[in-house]
Amino acid sequence: MTPRSGCPVSHTDYTSESEIYGHYALLDEEREAARFHFNDTTERGFWMLTRYEDVLAGFQKHTNWTTAVRTALFPGSTIELLPQDLNGEEHQKFRRILNPFFSPAAVRRMEGLAHSRCVELLEELAPKGHCNFVAEFAIRYPTDLFLILMGLPVEDGDFFLPWTEEMFGCMLQGDLDGAAVPRAKILAYFQEAIDERRANPRDPAEDMVTRLVQADLDGEPLSDDTILTTCLSIMLAGLDTTRSALGYIFAHLARNDEDRVMLIEEPELTRDAVEEFIRMYPLVIQAGREVQEAEDFRGLEMAAKDVIWLGIGSANRDPRKYEDPDRFLLGRPGLNQHLAFGAGPHRCLGMHLARLELAVVLEEWHKVIPHYRIKEGTELIERGSQLTLKNLELEWDV
Ligand code: HEM
């Protein structure tokens, strides 16, 4: 792929793993070296937008820049996702079916269950005095809440979780054949739930599968395939991301006693802290888009079918937008304009739920395990593509 517009070429492979915060260091370096880059590490290559103002503008150009490519790193991904793959009016109509389950009011209704499930998990964990936080807690909790949200039994997490882990692992390495095996098991599980709700509908205001079964799009019911894809897409979008956010937050708090003590002593600051953590540690470092019609974007000549990298990870840490961006700072100006959840019509469907989950964990964990440390000798390695800590061994006194 030949770069155009005299744009600097980036050879950085963002799918590789690194030590913790290694990807942010690379992104910071590239953003400060040039406003745009052309990255040549994939077959199609991609334009990288690195500065806050450009990335925000990119999210808003949703008619010409569509999700025909969802991730610049794997533009050939053929796994269908809903609502992610839709654009324009079709997308809006579909979001209208899902939005009621993810509104602030709907999420507030889950608050009681979110607390009680977190307390149950902590009761099991606390007496052990140690855990691999990402594998034993940070993924289990969002999985359980996902099942509760869908109206499915929380105990199913025991077998559901390994399937989802296997599927993520394969997808993030571009191994679509490998992903097909766990995908089939997950779909069979959702199909059972669909069949059950068709036979015994529940309250559609409370039960998401019933709502999907009863929903209509332009007067037509949703097909089973559409419902299955939707359930799978919400699962894929919601579990790994929340786990990753928890990993970065707890790594930060284990290493920064002052911030941890502040949250223990002033739990009312938790919601603000969650927002600043999400800004500071963006784990979805980019969203992909595909140009539909050739255009000039702020001096870059883009052709139809070009791939774009909307650099969330660089934008959230852009010093032109956030002064001293590497600092954890409560109440910073413009905090709620961060792009960790994207922007525009594809803005994260589950952002209120994610915020709730993170806040509940911070509150409940610190009541039971206020002081903890990273086990000596633990190497903190982050996965590439969509960041997550591969391992976070925590220990505490019991
Ligand atoms: C800290 C946690 C999370 C982060 C950082 C995050 C980030 C994002 C981002 C950046 C996008 C936009 C992608 C784009 O524009 O192409 C997105 C979309 C989405 N997210 Fe999240 N997310 C999180 C949690 C969740 C949760 C908990 C759920 C649901 C249970 C969820 C469901 C979705 C869905 C369905 C979309 C697609 C929306 C659309 O295309 O209309 N996310 N998320």
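This is a predicted model: local features need pLDDT of at least 70, side-chain atom pairs count only at pLDDT 80 or more; totals for chains, interfaces and linings use all residues.
Visitor: How many aromatic pairs does the structure hold?
Guide: The structure holds 32 aromatic pairs. In one of them, W365 and Y372, the ring centres are 6.1 Å apart and the planes stand at 80°, so this pair is edge-to-face.

Visitor: Are W365 and Y372 buried or exposed?
Guide: Both W365 and Y372 are buried.

Visitor: And which residues form one aromatic cluster with them?
Guide: The cluster that contains W365 and Y372 also includes F133, F137, Y141, F250 and W396.

Visitor: Which residue lies over the face of Y372?
Guide: That residue is R260, at 5.3 Å from the ring centre of Y372. Elsewhere, K321 lies over the face of Y322, at 5.8 Å from the ring centre.

Visitor: Turning to the ligand, what is the donor from the protein to the iron atom?
Guide: The iron atom has a single protein donor, the SG atom of C348, which is 2.3 Å away.

Visitor: Where is C348 found?
Guide: C348 is in the loop between α14 (312–315) and α15 (351–368).

Visitor: Another topic: where is V209 found?
Guide: V209 belongs to helix α10, which spans residues 208–214.

Visitor: Why does V209 count as buried?
Guide: V209 counts as buried because its relative accessibility is 3%, and the cut-off for buried is under 20%.

Visitor: What does V209 touch, not counting residues up to four places away in sequence?
Guide: With those residues left out, V209 touches M150, A193, I194 and R197. I194 is 15 residues from V209 along the chain, and their C-alpha atoms are separated by 6.5 Å.

Terms used: Residues are numbered from 1 along each chain as its sequence is written. Side-chain values use heavy atoms; hydrogens and water are left out. Rings of Phe, Tyr and Trp (its six-membered ring) pair if their centres lie within 6.5 Å; planes under 30 degrees apart count as stacked, over 60 as edge-to-face and the rest as tilted. Buried means under 20% relative accessible area, exposed over 50%, partly exposed in between (1.4 Å probe, protein chains only). A charge sits over a ring if NZ of Lys or CZ of Arg is within 6 Å of the ring centre and within 35 degrees of the ring normal. Donors are N, O and S atoms within 2.8 Å of the metal (3.2 Å for Na, K and Ca); water is not among the atoms, so sites may look incomplete. Helices (H or I, at least four residues) and strands (E, at least two) are DSSP runs, numbered from the N terminus. Contact means heavy atoms within 4.5 Å.
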